[in-house]
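Subject: Handover of a structure and the findings on it

Dear colleague,

Please find the structure below, followed by a written account of what was found in it. I would be grateful if you kept the model open while reading.

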Amino acid sequence: MNKVTVIMCYDIKASLESQLKRAKRKGDLQAVEEIIEKLVPLTDLPIYHASGFSHPEMFIYTSENPDFPLVATWGLIPDWVRDEEDVKQIWNKTLNARGETIFEKPAFKNSAEHHRCLIYVDGFYEHHHLGNKTYPYFIYRKDMKPLALAGLYTIMQNKMGGQWHSFTIVTTQANRLLEKIHNNPKLKGPRMPVILEEEKEDLWIDINLDKEKIEQLVQPFPEDKLTSHTVAKLRGKAYVGNTKDVSKLVYYPELDTLF
């Protein structure tokens, strides 16, 4: 099996409101009601905190029907994977796709060319390392609008004869805010998800967009449009779980001199 490199952006917050942002943009209330009635029960929404390693089911938007979402599993299953055992081995390694190499890696190349998607979230969580401890941060837009994350997806046939969609979040080098927060010593350098400006969202899923223009969209989001705060622990016994309180501010005095 081809080797896939693990990167970052494993923890997200995705409310139903944020995930429906695109579906609501044209004011088609009947379509939104249909999504809520038929598709939401198939997802894990609302997600106040979920790790990619739990492979949550959520909405993605594609060129197939740009304003009507598909339900997809986080953890991309490449087109060439057929065996269930191979699925289990690979989907923890395809939560992210390094934007600089999506046209080179066998797991992502076809999707980069033909199957790009948008994932709307409230924000994402990242850990700061200090000594032998880690401190979780919640990163989100200052204007509180949903973040439009660039993604890749695949379509597979399930045992029932239907389609199963899976996706990965594309990452890029960190902006200055994430450089301070995302200092994982195991990584070559700080990273962040590719967040698209509103005017570039449609471009990302344009099936006619060429490779050069796609690569130009893979860049850090402006630091001045994002903010962050520390939250309660996202791992271990202190973890409060997928609850509304998980993204609330928690103060750690030992971080005062760092930020």
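A residue is called buried when its relative accessible area is under 20%, exposed when that area is over 50%, and partly exposed in between, with a 1.4 Å probe and protein chains only. The model is predicted, so local features need a pLDDT of at least 70 and side-chain atom pairs count only at pLDDT 80 or more, while totals for chains, interfaces and linings use all residues. Residues are numbered from 1 along each chain as its sequence is written, and side-chain values use heavy atoms, with hydrogens and water left out.

Strands and their partners

Helices (H or I, at least four residues) and strands (E, at least two) are DSSP runs, numbered from the N terminus. Two strands pair if DSSP finds at least two bridges between them.

Strand 3 (residues 57-60) runs antiparallel to strand 4 and is joined to it by 4 bridges. On the other hand, strand 4 and strand 10 (residues 163-173) run parallel, with 3 bridges between them. Alanine 72 of strand 4 stands opposite methionine 58, and its bridge partner in strand 10 is histidine 165.

Strand 6 (residues 116-121) is also largely enclosed by the rest of the structure, because 6 of its 6 residues are buried. In a regular strand the side chains alternate between the two faces of the sheet. In strand 6 both faces are covered: Arg116, Leu118 and Tyr120 are buried on one side, and Cys117, Ile119 and Val121 are buried on the other. Strand 6 is joined to strand 9 by 6 bridges, and the two run antiparallel. Arginine 116 stands opposite leucine 152 of strand 9.

Nonpolar cores and a cavity

A nonpolar core is a set of buried Ala, Val, Leu, Ile, Met, Phe, Trp, Tyr and Cys residues joined through side-chain atoms within 4.5 Å. The largest one has 64 residues, and Ile119, Leu152, Phe167 and Trp204 have the most contacts inside it. Strand 9 (residues 147-157) gives the most to this core, with 6 residues. A second, separate core has 7 residues, including Tyr48, Phe138, Val231 and Val246.

A cavity is, on a 1 Å grid over the protein atoms alone, a set of points where a 1.4 Å probe fits but cannot get out; lining residues have an atom within 4 Å of a point. Grid points are joined across faces, edges and corners, and a volume is the space filled by probe spheres set on the points. The structure holds 1 cavity of 30 Å³ or more, and the largest cavity contains about 40 Å³ of space. Among the residues that line the largest cavity are Arg116, Tyr153 and Ile205.

Individual residues

Contact, in what follows, means heavy atoms within 4.5 Å. A polar contact is a pair of N or O atoms within 3.5 Å; within protein, one must be able to donate a hydrogen and the other to accept it, and residues adjacent in sequence count only if both atoms are side-chain atoms.

Arginine 141 lies in strand 8 (residues 133-141) and counts as buried, because its relative accessibility is 12%. Its side chain makes a polar contact with the side chain of aspartate 143, at 2.8 Å. Leaving aside neighbours within four places in sequence, arginine 141 is in contact with residues including Pro146, Phe221 and Thr227.

Threonine 243 and serine 247 both belong to the segment after strand 12. Threonine 243 is partly exposed, at 30% relative accessibility, whereas serine 247 is buried, at 9%. Threonine 243 is 194 residues from histidine 49 in sequence, yet their C-alpha atoms are 7.3 Å apart in space.

Backbone features

Most residues other than glycine have a negative phi, and most peptide bonds are trans. Leucine 45 and proline 46 are joined by a cis peptide bond, with omega about -5 degrees. Histidine 55, in the loop between strand 2 and strand 3, has a positive phi of about 50 degrees and is buried, at 10%. Methionine 144, in the loop between strand 8 and strand 9, has a positive phi of about 70 degrees but is exposed, at 62%.

Yours sincerely

Key: On a 1 Å grid over the protein atoms alone, a cavity is a set of points where a 1.4 Å probe fits but cannot get out, and a pocket is an open set with protein on both sides within 12 Å along at least five of seven lines; lining residues have an atom within 4 Å of a point.
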